[in-house]
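Q: Could you walk me through this one? I'd like to start with the strand pairing.

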Amino acid sequence: MVKIISDSSTLYTTNEAAAKGIAVVPLNIVVDQSSYKDLDEMTSTKLLRLIQEKKIPSSSQPSIGEKQACYEQYLEEEQILDITMAQGLSGTYDSACMAKQLVDSDKITVFNSKTLCGPHRALVDYAKKLSDQGMRAQEIVDSLASCVETEISFLVPRDFSFLKRGGRVSQLEAGVGGFLKLVPTMIKSANGKRLESFCVTKTFKKAVKNMIAEMKKRQVDSSYTFFISHAFNEDDALKAQALIEEQFEGARIVLLPLSPVFIAQGGPECVAVQAIRIA
């Protein structure tokens, strides 16, 4: 059996993951020099309230020690596969690799998902399914790698100061996001390491139409699963859902609330639109 491990980029609490037979090591939220476990100790509602009180949150990956302890807990398993959030957008992958070196076991495989949120959750769920079917770690990695090649992610932030503070966009891109009455959209780079400028439109609806055009250009079709994640912006999330349903008839569309870590990164009212094909 391969034990599947991940982090809270999957938008799973540790208890939700455990109920599925998966282990999650949460990312961290830091507010006023106090650190909280993403989703377990800090809720999105509580974080929004702190932001409204002019508190400035930041996020960090799980510590090397936390990952090491998690690996050691499951060393009795035949193999361990850790599927991390995208390297570059987080230090989670690098921390996991260092923890693997400290444990010094050939049972552990660390896989860079090159994505986050909805598609990350889909990859972890798929890996668990393959593990339950008796696949070995390398076989699972090979299957995941082909799925990762199909993934595409967009983000519509409402306040670029969050992305700018986290270093996930350039100062120029953050400046574009400051224009009034415009809707800038970011796209995740192919290697998953950065968010890059995709388009600037006058309306959210036009931004989603541009995303759909780009997805179709990349051969995305109704066999994909679409994820729409948002930070207290259900209205825009539902608009995106309706437009995707029009263009990809019968496709599976999942709406998810973003976790505190992603609210700290993308800011309140941001909306992520993502798609991935799972075999």
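**Strands, helices and salt bridges**

Q: What stands opposite F154 in β9?
A: I187 stands opposite F154 there. This is a predicted model, in which local features need pLDDT of at least 70 and side-chain atom pairs count only at pLDDT 80 or more, while totals for chains, interfaces and linings use all residues. Residues are numbered from 1 along each chain as its sequence is written, and side-chain values use heavy atoms, with hydrogens and water left out.

Q: How many bridges join β8 to β9?
A: 2 bridges, with β8 antiparallel to β9 (residues 183-188). Two strands pair if DSSP finds at least two bridges between them. Strands (E, at least two residues) and helices (H or I, at least four) are DSSP runs, numbered from the N terminus.

Q: And how many bridges does β8 have with β13?
A: 5 bridges, again antiparallel, to β13 (residues 271-276). V271 of β13 stands opposite V156.

Q: Why is β8 largely enclosed?
A: Because 5 of the 5 residues of β8 (residues 152-156) are buried. Buried means under 20% relative accessible area, exposed over 50%, and partly exposed in between (1.4 Å probe, protein chains only).

Q: Which of those residues point which way from β8?
A: I152, F154 and V156 point one way, S153 and L155 the other way. In a regular strand, side chains alternate between the two faces of the sheet.

Q: Switching to the open sheet: what is the strand order?
A: β2-β1-β6-β7, 4 strands with parallel pairing. β2 (23-25) and β7 (108-112) are the edge strands, each pairing on one side only. From one strand to the next, the twist averages 25 degrees.

Q: What about β1 and β6; how many bridges join them?
A: 4 bridges between β1 (residues 2-7) and β6 (residues 79-84). I4 has L81 as its bridge partner in β6.

Q: Which strands does α4 lie across?
A: Helix α4 (residues 92-103) lies across β1, β6 and β7, at about 170 degrees to β7. Axes are lines fitted to C-alpha atoms, for helices over the stretch in contact, and angles run from 0 to 180 degrees between N-to-C directions.

Q: H230 next. Buried or exposed?
A: H230 counts as buried, at 13% relative accessibility. H230 is in strand β11 (residues 225-230). Leaving out residues up to four places away in sequence, H230 touches A237, L256, P257, L258, C270 and V271; contact means heavy atoms within 4.5 Å.

Q: How many salt bridges does the structure hold?
A: 10, each a side-chain nitrogen of Lys or Arg within 4 Å of a carboxyl oxygen of Asp or Glu. One of them joins E66 and K37, at 2.1 Å from N to O. E66 is in helix α3 (residues 64-73) and K37 in strand β4 (residues 34-37), so the pair ties together parts 29 residues apart in sequence.

Q: What does K217 form a salt bridge with?
A: E214, with the closest N and O atoms 3.3 Å apart. K217 and E214 are 3 residues apart in helix α9 (residues 204-217), so about one helical turn separates them. K217 counts as exposed at 59% relative accessibility, whereas E214 is buried at 13%.

Q: Which residues are linked in a network of salt bridges?
A: R158, D236 and K239. The K239 and D236 side chains meet at 3.5 Å, N to O, and both residues lie in helix α10 (residues 234-247). D236 counts as buried at 7% relative accessibility, and K239 as partly exposed at 46%.
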